Each structure stands twice: as structure tokens, then as C-alpha cells.
Amino acid sequence: MSADHPSTHTVHRLYSDHHGWLHAWLQRRLGCAQQAADLAHDTFLRILAARDALALVREPRAYLTTTAKRLLIDRSRRQTIERAYLAELAATVEAAGADYPPPEQILVAIEALEQIAAVLEQVAPRPREAFLLHYLDGLTHGEVGARLGVSARMVRKYLVQVLLCAEALA
Amino acid sequence: MTDVAEQAAALVVRLTGDDPDDRARAQREFERWKQADPRHAATAARMEGLVGRLAELQPRSDAARSVLSAAAVQRRRNRRGAALGSVLMLAVTLAFLAGRPQPLPVTAWFADIRTGAGQQQAHVLADGSRLLLGGSSAVDIEFDPASRTIELLRGSVLVDVAPDVTRPFTVRTSHGMVRALGTRFAVIRAAEWTRLDMLESRVDVRSARATETREIEPGLSVDIHPDHIGATRPIDTRAVEEAWRKHQLVIDDLSLAETLEELARHRRGAILFDRDELEGLRVSAVLPLGDPDRALDLLSKSFPELRVGRLTPWVVTVERVVSE
């Protein structure tokens, strides 16, 4: 087991010491015991999958609440994207009288959008727009530059910036 | 940021540059770079994956843009959340919606006939049978020379079966089925069971996992559970018909919690409440289904101790205020 992966033992310890507290903390904020239980459970699952044993041992409660908050943001994002995408799909399909794409394809698109949205959240408006104009709308670097009022060279810097941001998240 | 990431990013961006010669050069350099080290290959794969996924969305770029905007708006809302409580509440609400005990949204999207919240839709089938779908409903139609089957995926349907002695007509849900030769009845699919309101003539009812069938006469309602059939209750068929006709929800001495759950089924978004807090409050009313927000208004007027809040246009909370 690598040095920076929290051992199962550490997480079990964390669980027995702090699970009750996390559940109560979540319940106070969510107003629902069942949701709090689900979320507390998922928080520990995520910690098990993560690689930050140090934060765990030093500030367990802060780490727990931070993880729980991140989890909620991710869920919120996923839900928003799912609804929005299905709504868009419905509108286009019904207007065009076309067929729905197969479910797997829909799920793939939703997951792709989820990943992209997570990256773009971290990025300023101009690099974000450059990234979408080039990779989603297919404009050349020069065309993107014209649209944004910057040089093609600046556009390339923006694109690199977004790619590096995505890598930092990975 | 590591060198590896910076090198990868620089190369990837050149792959779709404006100068065709540089694109070709970058392609060759990239291939060499990827093979030089497994970490290079891994980083390259991630970046190319991200870019590739966006490129795949190009045919639906408008939809993708719209979805990404919605996500960005949501993110700003979450960030601005006044207290941590409201941020979490909102996000969890959305997660709660995802976990509602209804079929996956994806299944319902592929149904043959579908209605949105608060909508009603009438259909005439190939054999002359008539369906009236309630709001937030979805059915699949499976007719063949030997049988006529309607799969009620979610919501409710009022059925007028055209007589056909050669083919039984069945309405099925995951909880069980209702079989008729020529009758009129309503099937409502709830989370844990399916309810049958028998209006004219007779049907046979069967649970999904049991062998017992029971004949149900008009003027009776029964809940079909996967493993058993509940006791029948008398209903006022005229009131039921009227409610369908006027698109209303008839509540006959139901707890407020159950009423809110029923209302939530007919409305986009969620209605949040604490069952324990609303203990003891009962409702007998006729609520407009086409306008669930008005229905909520009517309910809150009947119970002065209720406070209805709006977290978002879609998400509503119902709390009981205890005056000190």
C-alpha cells in the first residue's frame, strides 16, 4: 500500500470516532436524518478512495465536513446537468420528430458534460469561452481570437491553461 | 504544475492549431513524447480524453452550451448560498430527487407516451380503447394479435377498454397487473404499490410475485402490492370520474404528509417536509392538479400553522411553525 493512501484501519478509526458527530452535523443542516445518513456514508466512501491520510489524522472534523461539502457540490452539478440535458434532448427530439439516442449514449454525454463542467468551474470566463469556442464549436485559434479580441497566441495560452486546470483536478 | 502536464498541454493545443505544417509536426512530436514514458502516456490520454469528449458533443453543441450554462448558474447559486444550511439543503434536494423511488428518468423518456407535470393527455389506441394519462406519467403500449398490454411506467392512467373477446387487455406495473375484457378503470402507480379504481364492469387483479388473482367489482379501489393484494375500499365512482375530467386531486381524509407526497408527484421539483413535524394534520379537499402551486396555496391557507418556503422556483419547503 502506498505511503499516502489512508489505510483501512485509519478510516475505520475515523469512522468510529466521528461518524456520529458527522451525522448529527449534517442532520442539523439538512433537516433530514435519512439524507444525513446517506451523505455521511458517501463521505466516508469518498475518503476511502482518496489519498490524503495526513489531513485525516490532523484535522478529522474539518476534513469530513470539507469532503461532505464537495460531495454535495458534485451531486448538485450532476443533477443539474442531467435535468438540463434531458430537457434539451426532449425539446429537440420532439421538435424534429426524431428518435431519442440510446440510453448508453445519453449517459455518456451526461458524464462527459459533468466532467467538463467540473473543469470549467475552476476557470475564468475568457479561457472558458476560448476552450468552448475551439473544441465545442470548432472555431480555429484565429477565429477564437477574433471573437474574443485577443491574439491567436493568447488563445493557445488560454487553452493550455484550461488543460492544466483539468490535470490539476485529476 | 508539473513539467509533464505543461509539455502535454502545449503539444495537445498544437494538434489543432491553424498551421497545417505545425499540426503535422506536433503530431509526430506528441507520438514520440507519449512513448518516452508511461507517465507521459497517461497524462496525454487524460487530456486527449477531455478534448475528445467535447468534440463528440459538437453535433449537439447548442444543447451542450445550454447545459454547461445551467451548471455554471447552479454553481454560482451554491456558492452564494446564504448559510451553509441552505447550500447543502439545495444540493441534497437535488440528490433526493435523483433518488426518488420512481423509475430512472431515462426509462420514462423512452416510453411510448409521456406527459409532463400537470399535463393530461388523451389517446385512442389501435383497437379503439381510450387512455387518459395523468400528469408526470409514462406508458408503453404493447399490442399483438394475442394480447393488448399497457405498461404503466409512472403516474396514472384512466382506461376505457374497447371490448375484444379474442384479446384480454392488461395494464401492468412492476407491482402487479389488472386484466379486463371490456371495462373502465383507473390505474395509479405509487412508489410501493399500484392502486386500481374500478369504475365500470369487472377486472382481474394479480400481484407481480403471487399467483392469487382476485376479481374487483365497480365502485371499489384496491392497492396491488408486489406480493399481495390489499383489502378493497369503496369509492365514489362519480367523484373519481369527475376528478379525472376536471384534472383534480380528490383527497379524502389523508394525512398532510401523504397529501404533499401525492401533490409532489404532479409537480416538477420537490416538496420538502418533515413527516414527524406534520404529524396529526389531516386533509379532505379537492386540489387542482393542473396548478399544483395553487394547490399548495390552498393547503397552506387551510392550515395557518404551515409556512411554505421557496428555495428555488422548483423546490418548496413546508414547515410547521409552532407559535410560542
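This is a predicted model: local features need pLDDT of at least 70, side-chain atom pairs count only at pLDDT 80 or more; totals for chains, interfaces and linings use all residues.
**Entry 1: the contact as a whole**

I began with the interface between the two chains. Chain A puts 57 residues into the contact, and chain B puts in 54. Together the chains bury about 5300 Å², with 70% of that area on carbon and sulfur atoms. I then looked up which residues of chain A lose the most area to chain B, and found Arg83(A), Tyr135(A) and Leu136(A). Those three together account for 14% of what the chain A side buries.

Four salt bridges turn up across the interface of chain A and chain B. I noted down the one joining Arg65(B) to Glu129(A), where N and O are 3.1 Å apart.

**Entry 2: what chain A brings to its side**

Which helices of chain A supply at least two residues each to the side that touches chain B? My list reads H1, H2, H4, H5, H6, H7 and H8. H4(A) gives the most, with 17 residues. Sorted by class, this side of chain A has 34 nonpolar, eleven polar and twelve charged residues.

**Entry 3: H6(A) against H3(B)**

I picked one helix pair that spans the two chains. H3(B) covers residues 38–56, and its axis comes within 8 Å of the axis of H6(A), crossing at roughly 65°. An angle from 65 to 115 degrees counts as roughly perpendicular, so I logged H6(A) and H3(B) that way. On the H6(A) side I found Phe131(A), Leu132(A), Tyr135(A) and Leu136(A), and they meet Leu50(B), Val51(B), Leu54(B) and Ala55(B) of H3(B). By class this contact has eight nonpolar residues, with no polar and no charged ones.

**Entry 4: H6(A) against H8(A)**

I stayed with H6(A) and turned to a partner within chain A. The axes of H6(A) and H8(A) come within 8 Å and cross at roughly 100°, which makes H6(A) roughly perpendicular to H8(A). From H6(A) I wrote down Arg126(A), Pro127(A), Ala130(A), Phe131(A), His134(A) and Tyr135(A). They meet Tyr158(A), Leu159(A), Gln161(A), Val162(A) and Leu163(A) in H8(A). The class count for H6(A) with H8(A) is eight nonpolar, two polar and one charged. Phe131(A) and Tyr135(A) are listed in the contact with H3(B) and also in the one with H8(A).

**Entry 5: a salt bridge inside a helix**

Last, I checked salt bridges over all chains, and the structure holds 27. One of them that I looked up pairs Glu82(A) with Arg78(A), the closest N and O atoms being 3.0 Å apart. How many residues separate Glu82(A) and Arg78(A) in helix H4 of chain A? They lie four residues apart, about one turn of the helix.

Key. Residues are numbered from 1 along each chain as its sequence is written. Chains are lettered from A and ligands numbered from 1 in the order in which they are written. Side-chain values use heavy atoms; hydrogens and water are left out. Contact means heavy atoms within 4.5 Å. Buried area is the accessible area (1.4 Å probe) that two parts lose on being put together, summed over both. A salt bridge is a side-chain nitrogen of Lys or Arg within 4 Å of a carboxyl oxygen of Asp or Glu. Ala, Val, Leu, Ile, Met, Phe, Trp, Tyr, Cys and Pro count as nonpolar, Asp, Glu, Lys and Arg as charged, and the others, Gly among them, as polar. Axes are lines fitted to C-alpha atoms, for helices over the stretch in contact, and angles run from 0 to 180 degrees between N-to-C directions. Angles under 35 degrees count as roughly parallel, over 145 as roughly antiparallel, 65 to 115 as roughly perpendicular and the rest as oblique.
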